[in-house]
Amino acid sequence: MIRAEKCRLIYNEGTCALETFDLEINRGENVLIVGPSGSGKTSLLKLVMGMAYPTEGKFAVLGQNISKDQSKAIRKLRTQIGPIFQDFRLLSGRSVLDNVVLGMRFLSFSQSEMKVSATEAIERVGLGHKIHHDIDRLSWGECQRVAIARAISRKPKLIVADEPTGNLDEENAINVLKLLTSLSDSETTVLITTHATHLVKHVNATKVLTMNNGIERCVAMHEEL
Ligand SMILES: Nc1ncnc2c1ncn2[C@@H]1O[C@H](COP(=O)(O)OP(=O)(O)O)[C@@H](O)[C@H]1O
Ligand SMILES: [Mg+2]
């Protein structure tokens, strides 16, 4: 699913975001990526989404090499990824349903398939009763759930969430981590970053990556506890 070999990421002006690392994540895993601000969590997700290229070594996602000369294939790869961005990227003035359906454009769904998949996803995140509400009338936590529904409605092979615990109190942060980790199954892999290291023990992940200027440690969850 994700494989890195002697991979390293240095940004143009010389900041080394990810020191040399190897990594293997298998299909169906759900992985927590934890570490303080600036430790390279978002940079690792950028590699996964083909929004950054390794400076050295190899990085591959779903068998697709992430490199500059692969930009067309990487666009295709992204159709198999359901991203949940930190700022959600929802459209103001539109309903919950519209926002989720908009996330499915440019994929190979018919109009009616889009509506069915979007409705299922909205129900799965517990917002079925607000499906026709305007986005602007929802709380921050509800908007986050719309963003999660938009990711899963695409029926992706890989779900990627960057700092989903950002603005939440502890109880809601644990709930959203549990919701996200519950989305992995035999076909779907989930990657979640968080700086809230103390919440890790509440979540049932298959692996925990500890970040510090790159991947410092990668352990199976049961070894961690
Ligand atoms: N686009 C960029 N250009 C240059 N440096 C960057 C860029 N994005 C992040 N960095 C640097 O890379 C390091 C890792 O950042 P990031 O991956 O955003 O960490 P985290 O998500 O854990 O907070 C930091 O030192 C940050 O300043
Ligand atoms: Mg970040």
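Helices (H or I, at least four residues) and strands (E, at least two) are DSSP runs, numbered from the N terminus. With that in hand, welcome to this predicted model, in which local features need pLDDT of at least 70, side-chain atom pairs count only at pLDDT 80 or more, and totals for chains, interfaces and linings use all residues. Residues are numbered from 1 along each chain as its sequence is written, while chains are lettered from A and ligands numbered from 1 in the order in which they are written.

**Overall build**
- The protein chain holds seven helices and 10 strands.
- Its radius of gyration (taken over C-alpha atoms) is 17 Å, close to the 17 Å that the globule rule (2.2 Å times the number of residues to the power 0.38) gives for 225 residues, so the chain is as compact as a globular protein of that length.
- Along its principal axes, the C-alpha trace of the chain spans about 50 × 40 × 35 Å.
- Of the 225 residues, 38% are buried; a residue is buried if 20 or more other C-beta atoms lie within 10 Å of its own, exposed if 12 or fewer, and partly exposed in between, with C-beta atoms placed from the backbone.
- Two residues are in contact if their C-beta atoms, placed from the backbone, lie within 7 Å; among contacts between residues at least 6 apart in sequence, 66% join residues at least 24 apart.

**Around ligand 1**
- Helix α1 (residues 41-48) gives the most to the shell around ligand 1, with three residues.
- The residues around this ligand (C-beta atom, placed from the backbone, within 6 Å of it) include Tyr-11, Glu-13, Gly-35, Lys-41 and Thr-42.
- By type, the shell divides into two nonpolar, eight polar and two charged residues; Ala, Val, Leu, Ile, Met, Phe, Trp, Tyr, Cys and Pro count as nonpolar, Asp, Glu, Lys and Arg as charged, and the others, Gly among them, as polar.

**The four-stranded sheet**
- An open sheet has the strand order β2-β1-β4-β5, with antiparallel pairing; two strands pair if DSSP finds at least two bridges between them.
- Its edge strands are β2 (16-25) and β5 (64-65), each pairing on one side only.
- Six bridges join β1 to the antiparallel β2, and Ile-10 has Cys-16 in β2 as its bridge partner.
- The hairpin of β1 and β2 has five residues between the strands, and Gly-14 takes a positive phi near 110 degrees there.
- Strands β1 (residues 2-10) and β4 (residues 56-61) are antiparallel and share five bridges; Arg-3 stands opposite Ala-60, and Arg-8 has Glu-56 as its bridge partner.

**The nonpolar core**
- A nonpolar core is a set of buried Ala, Val, Leu, Ile, Met, Phe, Trp, Tyr and Cys residues joined through C-beta atoms within 7 Å.
- The largest one has 57 residues, and Ile-33, Val-100, Ile-122, Ala-149 and Val-160 have the most contacts inside it.
- Helix α5 (residues 140-153) gives the most to this core, with six residues.
- Leaving aside neighbours within four places in sequence, Ile-122 has contacts that include Val-96, Val-100, Ile-131 and Ala-149.

**Two residues to look up**
- Ala-161, in strand β7 (residues 158-161), counts as buried because it has 28 C-beta neighbours inside 10 Å.
- Beyond four places in sequence, Ala-161 is in contact with Ile-84, Leu-180 and Ile-192.
- Thr-197 sits in the loop between β8 (189-194) and β9 (207-211) and is partly exposed, with 13 other C-beta atoms within 10 Å.
- Thr-197 and Thr-210 are 13 residues apart in sequence, and their C-alpha atoms are 9.0 Å apart in space.
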